[in-house]
Amino acid sequence: MKLDRIDVKILGALQKNGRMTNVELSEMVNLSPSPCLLRVKKLRAEGYIEGYSAQINIEKLGQTLTVFTEITLKNHRQLDFARFLDAIEKVDQVIECHLVSGGYDYLVKFVTAGIEEYQTLMERLLDSEIGIDKYFSFVVLKSPLVKAHLPLESLFQAVTS
């Protein structure tokens, strides 16, 4: 499926407000409701829309700790990467994991109840022998800007022009 300008507008609107009605969405993208709904269904069927979720205000939940962790593995075979990912996927406090280029292998984002929980998690990961050689932790003091949506209009300028 090749996206057109209207599809990109639909995706952009839904990522900012997944609870809007089809009528509201159709007005935003200048389509009548029926064709708009068909496009949304097709975008879902093609995997462009993976699901809908609520954005939680983490500050309202009480004390939390966000830590970005650089992780370097001891070995770099496919088996080593697979073993690490299999283990890290099972950790609820891991909310992002990125394989990156540069001086380390993974950048992992943890959200925990505090420094003790984070340290306990890291100790458990090290003890589980999943191939971690070293890690560096960066505790988030403040997050002045966090966006929950992608810049679709600029990513797909050729389509939207």
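Is Cys-36 buried or exposed? Cys-36 is buried, at 0% relative accessibility; buried means under 20% relative accessible area, exposed over 50%, and partly exposed in between (1.4 Å probe, protein chains only). This is a predicted model, in which local features need pLDDT of at least 70 and side-chain atom pairs count only at pLDDT 80 or more, while totals for chains, interfaces and linings use all residues. Residues are numbered from 1 along each chain as its sequence is written, and side-chain values use heavy atoms, with hydrogens and water left out. An open sheet of 4 strands has the order β2-β3-β1-β4. Helices (H or I, at least four residues) and strands (E, at least two) are DSSP runs, numbered from the N terminus.

**Sheet**

- Pairing in the sheet is antiparallel; two strands pair if DSSP finds at least two bridges between them.
- The edge strands are β2 and β4 (132-139), and each pairs on one side only.
- From one strand to the next, the twist averages 20°. Axes are lines fitted to C-alpha atoms, for helices over the stretch in contact, and angles run from 0 to 180 degrees between N-to-C directions.
- Strands β2 (residues 94-99) and β3 (residues 106-112) run antiparallel and are joined by 5 bridges.
- Cys-97 has Val-108 in β3 as its bridge partner.
- His-98 stands opposite Leu-107 in β3.
- In a regular strand, side chains alternate between the two faces of the sheet.
- The hairpin of β2 and β3 has 6 residues between the strands, and Gly-102 there takes a positive phi near 115°.

**Helices on the sheet**

- Helix α4 lies across β1, β2, β3 and β4. Its direction is at about 165° to β2.
- Helix α5 (residues 115-127) lies across β1, β3 and β4. Its direction is at about 170° to β4.

**Salt bridges**

- The count is 5 salt bridges, where a salt bridge is a side-chain nitrogen of Lys or Arg within 4 Å of a carboxyl oxygen of Asp or Glu.
- Side chains of opposite charge can pair when their charged atoms come close.
- One of these bridges joins Asp-4 and Arg-39, at 2.9 Å from N to O. Asp-4 lies in the segment before α1 (5-16) and Arg-39 in helix α3 (residues 33-45), so the pair ties together parts that are 35 residues apart in sequence.
- Asp-4 is partly exposed at 29% relative accessibility. Arg-39 is also partly exposed, with a relative accessible area of 23%.
- Asp-80 and Arg-83 form a salt bridge of 3.0 Å, N to O. Both residues lie in helix α4 (residues 78-88), 3 residues apart, about one turn of the helix.
- Asp-80 is buried, with a relative accessible area of 2%, whereas Arg-83 is partly exposed at 34%.
- Asp-86 pairs with Lys-90, the closest N and O atoms being 3.2 Å apart. Asp-86 is partly exposed at 41% relative accessible area, and Lys-90 is exposed at 61%.
- Through shared partners, salt bridges join Asp-4, Asp-7 and Arg-39 into one network.

**A buried charge without a salt bridge**

- Glu-70 sits in strand β1 (residues 65-73).
- Glu-70 is buried yet has no salt bridge. The nearest side chain of opposite charge is Lys-134, 8.5 Å away; Lys and Arg count as positive and Asp and Glu as negative, while His and the chain ends are not counted.
- Leaving aside residues up to four places away in sequence, Glu-70 touches Tyr-104, Tyr-106, Leu-107, Lys-134, Tyr-135, Phe-136 and Phe-138. Contact means heavy atoms within 4.5 Å.

**Cysteines**

- There are 0 disulfides, a disulfide being a pair of cysteine sulfur atoms within 2.5 Å.
- Cys-97 is partly exposed, at 29% relative accessibility.

- Most residues other than glycine have a negative phi.
- Asn-30 has a positive phi of about 60° although it is not a glycine. Asn-30 is placed in the loop between α2 (22-28) and α3, and is exposed with a relative accessible area of 64%.
- Glu-129 is not a glycine either, and its phi is positive, near 55°. Glu-129 is found in the loop between α5 and β4, and is exposed with a relative accessible area of 64%.
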